[in-house]
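Work through the exercises below with the coordinates open. Try each task before reading its solution.

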Amino acid sequence: MQASLLDDLDDDLGLRPLGPIRRTELSHGAWVDVRPGWLTGAGSLFEKLVREVPWQAERRQMYDRVVDVPRLLSFYDESAKLPDPVLYQARMELSRHYADELGEPFRTAGLCYYRDGRDSVAWHGDTIGRGSTEDTMVAIVSVGAPRALLLRPRGSGGKTLRYALGLGDLIVMGGSCQRTWEHAVPKTTKPIGPRISIQFRPRGVR
């Protein structure tokens, strides 16, 4: 499935105004902002990222065995050149918009390539580094076919929230979200196209 067939028919790569952005207040000081269709020309960016990003297939220890990570990954630290100028624009605009709440700029970019419904990420919070003890933000821009991002409170009980993200959509998880909530992209047997998520984070948050 070609991501460009699912695009918003605007081939000019760019950003729409960030506002109005819709905030949902969660429990325990967590919140989520959503801006559908923030990035225009999302299909063109998707195709460029598929071609040019140095994707890595990783393996990780899972209990008593080593397993394949069910998605492709690439990480850009503060000094790395991002794969397209629009990602610099997005990071700068996010840093400007959230300057008062976050108190620091977004610094890094992590990319995940979900090739089909078999690729996924299990329930987790971004708690490697400062996210385990401090309020922070993780901003995710999605390109390609929409996939479900689920959020639920940590521990038992609580309602699971579902967001279908793709086609240039933005979601920002803030406050205590990484400590008190967790998120996942589940596997699906439904026929579904590929998706890439671009995650912007402050320094020291993974």
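**Exercise 1. Identify which residues are linked with Arg23 in a network of salt bridges.**

Solution. Arg23, Asp33 and Glu101 form the network. A salt bridge here is a side-chain nitrogen of Lys or Arg within 4 Å of a carboxyl oxygen of Asp or Glu. By this rule the count comes to 14 salt bridges.

Before going on, note the conventions. This is a predicted model, in which local features need pLDDT of at least 70 and side-chain atom pairs count only at pLDDT 80 or more, while totals for chains, interfaces and linings use all residues. Residues are numbered from 1 along each chain as its sequence is written, and side-chain values use heavy atoms, leaving out hydrogens and water.

**Exercise 2. Describe the pair arginine 96 and glutamate 93.**

Solution. Their side chains meet in a salt bridge (2.7 Å, N to O). Both lie in helix α2, three residues apart, which separates them by about one helical turn. An α-helix has 3.6 residues a turn, so residues three or four places apart point the same way. Arginine 96 is exposed at 53%; glutamate 93 is partly exposed at 22%.

**Exercise 3. Determine how far arginine 91 is from the nearest side chain of opposite charge.**

Solution. Arginine 91 is also placed in helix α2. Count Lys and Arg as positive, Asp and Glu as negative; His and the chain ends are not counted. The nearest opposite charge is glutamate 78, 7.8 Å away. Arginine 91 is buried yet has no salt bridge. Its contacts (heavy atoms within 4.5 Å) are Leu82, Phe106, Arg107, Thr108 and Phe200, not counting residues up to four places away in sequence.

Definitions and conventions: Helices (H or I, at least four residues) and strands (E, at least two) are DSSP runs, numbered from the N terminus. Buried means under 20% relative accessible area, exposed over 50%, partly exposed in between (1.4 Å probe, protein chains only).
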